[in-house]
Amino acid sequence: MKGFMIAGVSSGIGKTTVSMGLMSLFENVSPFKVGPDYIDPGFHQFVTGNKSYNLDLFMMGERGVKYSFYKHHKNISIVEGVMGLYDGVDHSLDNNSSAHISRVLGLPVILVVDGGGKSTSIAAQILGYKMFDSRVNIAGVILNKVSEAMFKHYKEAIEKYTGINCIGYLPKDETLSVSSRHLGLLQAEEIDDLKDKSQKLKKVLEKTIDVEKLLEIAEIGEPEDVINPFEEMKDRYSGLKIGIARDRAFSFYYNDNLELLEHLGVELIPFSPITDKEIPDVDILYFGGGYPENYAQELSENKSMIESIRTFYRREGKIYGECGGFMYLTSGIKLLDEKYIPMCDIIKCSIEMKDRLDISRFGYINVYEDEKELGKGHEFHYSKIFKIEHESREYRAVKPNGKEWACIFKEKKCKAGYPHIHFFNSLDYLKEILD
């Protein structure tokens, strides 16, 4: 079995660009992303043609992480880390960080480091990462934004003082990197020249990466025999149909969540709130996250779709919405230019967009109904609730540090709020949605 993790010394170090490039070098790659992020997996899928899966110890548990990793392994597994190598939910070493995941899965780590502004000191920096937790196998280093001459200069120091192979570099070239914007990274389908960019990146890395050494590092032995933790639930909901919103506005779904629903016997029927005239014939509607604010006018002007959703709701149909899906189900969204766009008006509140992350409602959460914990999830949004006509939030979000807030609205059989929930460690919550 072959696999490795791409990790960085910090956020913004070029992990996604390097990960995309390395994924393009191999055939039939199984891509993964550490943490709750939805954006990077889209780039992984674009490059590899295979679905990318999140690996998150907080939301999935160790058993869930191992199950997903081994279930989806193909020729070679490439895992993109999150933030800096050791950054997680707290300052412990078992903190859901990239390093923690690498230890759980026995993955060698390829550390991405920026060159420039230093010389021999780069070895000291890397040695610090190696020594910080000796259980983490930092097996290779890739330097970002350096010339061939500087790579050779750094390589000598790194290998002399750390004993870690410096296996290649990425030259400083803005045309190779993935752009960003204030609402987060651009989604893969929004980058017109992504195919050309990825092909150029592949040609560059074919010359600058020691692929033979990388394959040697990637040998991780036989896969672990992991039992499906949900086997006894197979086909429990056979015959149930869920209409799932899938288009430019709604694209944030954990692939493992959708596959678990199918394992339970659920039939997933995709539809587009932007272009379709009405919802499909289903038992439940599922609106995932995304960027409804970017398509607010189109969503609002599709009156027949909105009316079909309202009719479904009035007839006691079950509806579930997460983050962007929740925003669509509210009375309306006020954009950054102050323009107010009406939405479905099922959840009696309104949303206003902000130009920065709502840090007060950010991070991992446990979801409670009264005193019962139902599930685990994550909040990340650039908007706030600015007007509540009817307060119906019956669920609480509780962060690991104890901070809490009301998080999920419940109107009749509609349940919606900002939290993104991973079902692996949230079966009680999932049952509330399905039953």
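Author: Two strands pair if DSSP finds at least two bridges between them; strands (E, at least two residues) and helices (H or I, at least four) are DSSP runs, numbered from the N terminus. The model is predicted, local features need pLDDT of at least 70, and side-chain atom pairs count only at pLDDT 80 or more, whereas totals for chains, interfaces and linings use all residues. Residues are numbered from 1 along each chain as its sequence is written, and side-chain values use heavy atoms, without hydrogens and water.

Reader: What makes β13 and β15 a pair?

Author: Four bridges join them in the parallel sense, and the definition asks for at least two. Tyr286 stands opposite Tyr320 in β15. Strand β24 (residues 414-417) also runs parallel to β15, with four bridges, and there Lys415 stands opposite Tyr320.

Reader: Why is β15 called largely enclosed?

Author: Buried means under 20% relative accessible area (exposed is over 50%, partly exposed in between; 1.4 Å probe, protein chains only). Five of the five residues of β15 (residues 318-322) are buried, so the strand is largely enclosed by the rest of the structure. Lys318, Tyr320 and Glu322 are buried on one side, Ile319 and Gly321 on the other.

Reader: How do you know what lines the largest cavity?

Author: A cavity is a set of points on a 1 Å grid over the protein atoms alone where a 1.4 Å probe fits but cannot get out, and lining residues have an atom within 4 Å of a point. The lining includes Tyr286, Tyr320 and Leu430. Helix α13 (427-434) gives the most, with three residues.

Methods:
On a 1 Å grid over the protein atoms alone, a cavity is a set of points where a 1.4 Å probe fits but cannot get out, and a pocket is an open set with protein on both sides within 12 Å along at least five of seven lines; lining residues have an atom within 4 Å of a point.
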